[in-house]
Structures are given as C-alpha cells and as structure tokens.
Amino acid sequence: MSDAAVDQGRRTWIAITCGAGAVGGAAVAVPFVSTFSPSERARAAGAPVEVDISKLAPGERMTVEWRGKPVWVLRRTPEQVEELKKLDGQLADPNSERTAYPIPAYAKNTGRSIKPEYLVVIGICTHLGCSPGGVAKNAGNPSVPSDWPGGFLCPCHGSTFDLAGRVFKNKPAPDNLEVPPHMYLSDAVLLIGEDKKA
C-alpha cells in the first residue's frame, strides 16, 4: 500500500471521527444549553397574562393571577365613575403621589386607569398584605360608614379603598392599591404585565 493511500485512509478516519465528535458534542450541548432558559413554570410566574374582558358586565369584577398575585379587573358603571370624582377630600392620597412602588403614568388620574370604566389593580392591601373584599354601596356592612360609596374593605385591619383602589384617610394602609403594568390589545383583550408605551 502506498503512502498516499495510507494518508487518504487516515484523512477519511479523521474526518469520520471529527464528524461523529461534532454530532456527539451537539447532542450533549443542546440539552445543556436549554437548561439556561426559564422553565414553563418560571415563564408563567412572570410572563404577561392575556385576559378576555368581553363578557365582564358593568359592575362586575374578575380576578386573575399574575406573578402569584391576585389582579382585579373591575368594570365600573358610569355612576361609579362619577362617584369617584366626589371622594378626593376623603382619601389619603387621591392623586397617587405617595407610592412605595412605581405607578404607571396612565394610572395617575381619578380612575387610576387607561379606560375610565375599567380598574386594574393588585388585590393586596398595602398595609400587611391581606386581600380586601368588595363591599357594595348601601350594603349595610357595619365595618364601613353609612354613606359608603362602594369599594374594598381589608378584613385584617379595616383599611378601606374606593373603586379606584385609593385608600381612605386615617386607615392603616400607607398607599393605594398597586396598579400593575397593563395595556389593551383590543376592546376585548387586556394584557397584564406589559406596557409597551411605558
């Protein structure tokens, strides 16, 4: 056998060995590299959440989960929207100026919302983290004043919030309810957790 034939045979085996090594290396590397991406559970924990609000009637509220927290989506009636304008004197922070967390610019209005009829807030009291419950106007609940306009009552220490999530004066809660970043993808779909305009 000539030296040229031996060299050709070696080159062939080297090429085959390199090819097999590359395939084996890729087979090992792909699963290893994929461990760097977040799991489905981790993605769900922080990923934006799409919410169908098409069936939410005026006066109704729904709760969805985002980042492990309850987010309330309330569709206010025109009367409830008007009532909000009369409450500034009773509220601790009507313009959402004293917040311990960032508040989107579109939530610095009376309704604390992009669209006046919708409220989107995290349903956790800013005092010690309890979850307030809704108390309707004229509900006859002894824990709220007789002229109660409707809103939310925290059962733990009695903090009360209006239908814009603003805390009333002289209550333990230091801040209004938190407004998460959100945007409307359409009239029927709300995206919680992302705001491309902010």
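This is a predicted model: local features need pLDDT of at least 70, side-chain atom pairs count only at pLDDT 80 or more; totals for chains, interfaces and linings use all residues.
**View 1. The protein chain at a glance.** Welcome to the overall picture: the protein chain has 3 helices and 9 strands. Here helices (H or I, at least four residues) and strands (E, at least two) are DSSP runs, numbered from the N terminus. Read from the N terminus on, the elements follow the pattern α-α-β-β-β-α-β-β-β-β-β-β. Of the 198 residues in the protein chain, 35% are buried; buried means under 20% relative accessible area, exposed over 50% and partly exposed in between, with a 1.4 Å probe and protein chains only. A contact means heavy atoms within 4.5 Å. Among contacts in the protein chain with a separation of 6 or more, 56% come from residues 24 or more positions apart.

View 2. Follow strand S2 (residues 61–66) into S3, and you will find the two paired in the antiparallel sense over 6 bridges. Two strands pair if DSSP finds at least two bridges between them. S2 and S3 form a hairpin with 2 residues between them. Arg67, in the loop between S2 and S3, has a positive phi of about 55° although it is not a glycine. Most residues other than glycine have a negative phi. Met62 stands opposite Val73 in S3, and Val73 in turn stands opposite Val120 in S4. S3 and S4 pair in the antiparallel sense over 5 bridges.

View 3. Leaving aside residues up to four places away in sequence, Thr63 touches Pro70, Val71 and Trp72. The C-alpha atoms of Thr63 and Leu74 are separated by 8.8 Å, and the two residues are 11 residues apart along the chain.

**View 4. The open sheet S5-S6-S7.** This open sheet has 3 strands in the order S5-S6-S7, with antiparallel pairing. Its edge strands are S5 (133–135) and S7 (160–161), each of which pairs on one side only. Strand S6 (residues 151–153) joins S7 in the antiparallel sense over 2 bridges, and Leu153 stands opposite Thr160 in S7.

**View 5. The nonpolar cores.** A nonpolar core is a set of buried Ala, Val, Leu, Ile, Met, Phe, Trp, Tyr and Cys residues joined through side-chain atoms within 4.5 Å. The largest one has 25 residues, and those with the most contacts inside it are Val121, Phe152, Phe161 and Leu177. Strand S3 (69–75), strand S4 (118–122) and S6 each supply at least two residues of this core. A second, separate core of 13 residues includes Leu56, Val64, Val120 and Tyr184. Look closely at Phe161: not counting residues up to four places away in sequence, its contacts include Cys125, Trp148, Phe152, Arg166, Phe168 and Leu177.

**View 6. The largest pocket.** How many residues of H3 are in the lining of the largest pocket? H3 gives 3 residues, the most of any element. By class, the lining has 6 nonpolar, 5 polar and 4 charged residues; Ala, Val, Leu, Ile, Met, Phe, Trp, Tyr, Cys and Pro count as nonpolar, Asp, Glu, Lys and Arg as charged, and the others, Gly among them, as polar.

View 7. Ser96 counts as buried because its relative accessible area is 2%, and its phi is near 55°, a positive value in a residue other than glycine. Ser113 is buried too, at 5% relative accessibility. Not counting residues up to four places away in sequence, Ser113 touches Arg76, Tyr106, Ala107 and Tyr118.

How values were computed:
Residues are numbered from 1 along each chain as its sequence is written. Side-chain values use heavy atoms; hydrogens and water are left out.
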